[in-house]
Amino acid sequence: MNDCNKKARSLQYKHIMTKTENLNRIKIVLAEPQDSANIGSVCRAMKTMGIKKLCVICNKEYDISRINSLAVHAKDLWENAEKCTDLDSALSSVALSVALTRRKGKFRKLSSWTPKELSEVIKQYPDGEIALVFGRENNGLTDEEVEKCNAVCTIETSDEFPSLNLAQSVQIICYTLFTNISDYNNPPRAVCRDEIEKSTNAALDLLSDMSFFKTSSDERSSYHTFIKDFLSRAALSKSELNRIDKFFKKAHDIAMYKNR
């Protein structure tokens, strides 16, 4: 039994998710932060708002003394932080992932949530880990990293000077979540990213076998992003995802039978 199913079974008799539990499932992911002091400031920003799960994608050593000097009484968040070498491993067990970015572009999703809209989504999102991904201090998240997430959230700023410090961005998001999230009655359990990815690839293979993709590999990649994001934002249960799998399989079998 995988980790997602173990968590689902342990929560099958749960009827209420408290505000604290809702905040506890939120994971702040920092993609290759450059300044150790910023990590400490992020820890402090998180803990003051009741969010304690930190993940750092890092390929370098950080100055622990600088982290601790800014974290103050939140240094335990760094000590207990999940350390990953890439974004895929950081997101492998999450149900929903959201990229924090202000830049728009072809590969950066068709729309974005405001922090308040993000809090409304999380407030009633089925039980499952949620990752909020923040980029580097100098150039944010890459297009590829944004593509790996299911949605985008943008903090509105002045056009005259739109750049926010990393810790400031985290503080704004965490404050918005803390002040808007409340107890959640009867939360179902959403499938996690690995299960969504498996179903998405299976659907694409079936569509490919049906000659659905008639142009370049970019078309399949575009549909991969669309289906993956759609299924994740839909917050499906395992049984609902199984019905989606069966739908694609049946459509494939009917199409192949008619083409004999």
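**Figure 1. Two lysines placed over aromatic rings.** A charge sits over a ring if NZ of Lys or CZ of Arg is within 6 Å of the ring centre and within 35 degrees of the ring normal. In this predicted model, K83 lies over the face of W78, and the distance from the ring centre is 4.3 Å. A further view shows K19 over the face of F178, at 4.0 Å from the centre of that ring.

**Figure 2. The aromatic pair of F212 and F213.** The whole structure holds six aromatic pairs. One of them joins F212 and F213, with 5.3 Å from centre to centre and 90° between the planes, an edge-to-face arrangement. F212 has a relative accessible area of 35%, so F212 is partly exposed. F213 is at 15% relative accessibility and therefore counts as buried. Ring pairs also bring in Y223, linking F212, F213 and Y223 into a cluster.

Figure 3. Are the two rings of F226 and F230 stacked or edge-to-face? They are stacked, with centres 6.2 Å apart and 20° between the planes. The pair counts as stacked because planes under 30 degrees apart are given that name. Both F226 and F230 belong to helix α11, which covers residues 217-233. They are four residues apart, about one turn of the helix. F226 has 51% relative accessibility and counts as exposed, while F230 has 49% and counts as partly exposed.

**Figure 4. Cysteines without a disulfide.** How many disulfides does a search of the whole structure find? The search finds zero. C58 is in no disulfide, and the nearest cysteine sulfur, that of C84, is 8.1 Å away. This pair is not a disulfide because the two sulfur atoms would have to be within 2.5 Å. C58 is buried, with a relative accessible area of 15%. C174 is likewise in no disulfide; the nearest cysteine sulfur belongs to C43 and is 11 Å away. C174 is at 0% relative accessibility and counts as buried.

Figure 5. Rolling a probe the size of a water molecule over the atoms shows where empty space is left. The count comes to one cavity of 30 Å³ or more. The largest cavity has a volume of about 30 Å³. Ten residues line the largest cavity, and S93, R189, A190, V191 and C192 are the closest to its centre. Sorted by kind, the lining of the largest cavity has six nonpolar, two polar and two charged residues.

**Figure 6. The second largest pocket and its lining.** The volume of the second largest pocket is about 480 Å³. Its lining is made up of 22 residues, and those nearest the centre of the pocket are L100, R102, G140, L164 and S169. What kinds of residues form the lining of the second largest pocket? Eight are nonpolar, ten are polar and four are charged.

**Figure 7. D209 and its distance from D229.** D209 is placed in helix α10, which covers residues 193-209. With 42% relative accessibility, D209 counts as partly exposed. D229 comes 20 residues from D209 along the chain, and 22 Å separate the C-alpha atoms of D209 and D229.

Conventions
Residues numbered from 1 in each chain as written. Predicted model: local features only at pLDDT ≥ 70, side-chain atom pairs only at ≥ 80, totals over all residues. Heavy atoms only, no water. 1 Å grid on protein atoms, 1.4 Å probe; cavity = no way out; pocket = protein on both sides within 12 Å on 5 of 7 lines; lining within 4 Å. Points joined across faces, edges and corners; volume = space filled by probe spheres on them. Nonpolar A, V, L, I, M, F, W, Y, C, P; charged D, E, K, R; others polar. Phe/Tyr/Trp six-rings, centres within 6.5 Å; stacked < 30°, edge-to-face > 60°. Buried < 20%, exposed > 50% of the residue type's maximum accessible area, 1.4 Å probe, protein only. Helix = DSSP H or I, 4+ residues; strand = E, 2+ residues; numbered from the N terminus.
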